Amino acid sequence: MTETTDLGPELDEALGRYRVELTGYCYRMLGSAFDAEDAVQDTYVRAWRSFEKFEGRSSLRSWLYRIATNVCLDLLSAGNKRARPMDLSAPQHQASAQLNERPEVTWLEPVPDGRVLPQTADPAEMALAKESVRLAFVAALQHLPAKQRAVLILREVLAWKADEVATLLDTTVASVNSALQRARATLASTRIRESEAADPLDGDQTKLLEQYLAAFEAYDITRLTALLHEDAVLSMPPFDLWLQGHEDIAAWHLNQGIGCKGSRLVPTTANGMPAFGQYRPREDGQPGWAPWALQVLEVSDGKIVGLNAFLDTARWFPLFGLPEQLDEAYEVQQGA
């Protein structure tokens with residue numbers, strides 16, 4: 001019992017030091033910001049309960065990753081996997097579009113950068129970290145069996161050695177290498193769409209986002225669609241509807257989505273990409289704007305290729321630290 005007491009502060013420090021990277025690992029495994037937080041909490045509970053059995057043959061970090069992996073594998077044993085609307089159906093056309101809501105557990109969830117991206121002074125490491133939490137990449141991971149998913153994340157994202165992964169998963173190096181090869185082949189077949197990180201923004205990206213914000217707030221759909229790639233995609237979880245291309249996206253905004261006219265956007269980031277909290281004019285006629293969607297933008301080659309509008313603002317806005325509502329004072333402040 002003396003050893004546990006002496007090492008308790010060390011475990012406390014480790015739990016704090018590795019929280020963000022463990023959350024990022026669990027998020028990539030599970031595709032849910034909230035499930036990842038729960039998995040890390042469960043990891044810490046299990047770590048404390050079994051700390052007396054920790055023999056120091058591996059580092060505390062490796063030991064915590066082993067526990068976190070087991071937690072994630074347990075959660076994935078039911079076969080549930082997160083998806084984007086584009087993974088589940090063909091695109092609809094605006095004229096015949098139907099809004100079918102699916103359960104919360106269906107959808108791949110956005111996550112704030114600060115919850116899953118550890119700070120690093122190495123630009124290459126940060127670029128890789130952001131690339132590995134992009135919505136398209138995390139969605140592609142969901143196509144992998146759970147253990148292949150763990151192998152690929154540990155080897156390709158976190159740069160663990162094959163023998164380290166084999167030890168963590170209680171398997172052989174040959175098995176790890178085989179799983180990695182199969183995982184790579186599956187990801188290659190999904191043809192993940194490229195998108196660019198949000199921070200730091202270069203001059204062209206900054207200009208594009210400024211133009212998008214101005215066009216959306218003015219509700220100038222001609223200007224807005226000019227910023228979109230010709231086969232850009234609009235999706236709106238928890239609805240399984242998704243639209244593709246200028247014509248349908250523009251028509252949606254001018255018809256079913258006309259309630260977004262007069263909206264205000266508050267910049268943020270999600271999954272290493274530019275994002276906005278969208279606030280629509282209040283429906284009760286009072287001054288101000290009410291939360292409507294977390295917009296996560298995918299950008300590539302100077303155009304927006306993805307508009308992902310997550311509508312469950314009661315969950316997303318507190319997680320991203322976005323205001324509960326905007327009032328006239330915000331408008332005055334923005335115009336100052």
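Mentor: Strands (E, at least two residues) and helices (H or I, at least four) are DSSP runs, numbered from the N terminus. This is a predicted model, in which local features need pLDDT of at least 70, side-chain atom pairs count only at pLDDT 80 or more, and totals for chains, interfaces and linings use all residues. Residues are numbered from 1 along each chain as its sequence is written, and side-chain values use heavy atoms, without hydrogens and water.

Trainee: How many bridges join strand 5 to strand 6?

Mentor: Two strands pair if DSSP finds at least two bridges between them. Here seven bridges join strand 5 to strand 6 (residues 303-310), and the two run antiparallel. Strand 4 (residues 273-281) is also antiparallel to strand 5, with seven bridges; Q278 has A293 in strand 5 as its bridge partner.

Trainee: Why is strand 5 described as largely enclosed by the rest of the structure?

Mentor: Buried means under 20% relative accessible area, exposed over 50%, and partly exposed in between (1.4 Å probe, protein chains only). Nine of the twelve residues of strand 5 (residues 289-300) are buried, so this strand is largely enclosed.

Trainee: Where is the cis peptide bond?

Mentor: The cis bond joins P237 and P238, with omega about 20°. P238 is in the loop between strand 1 (228-235) and strand 2 (242-244).
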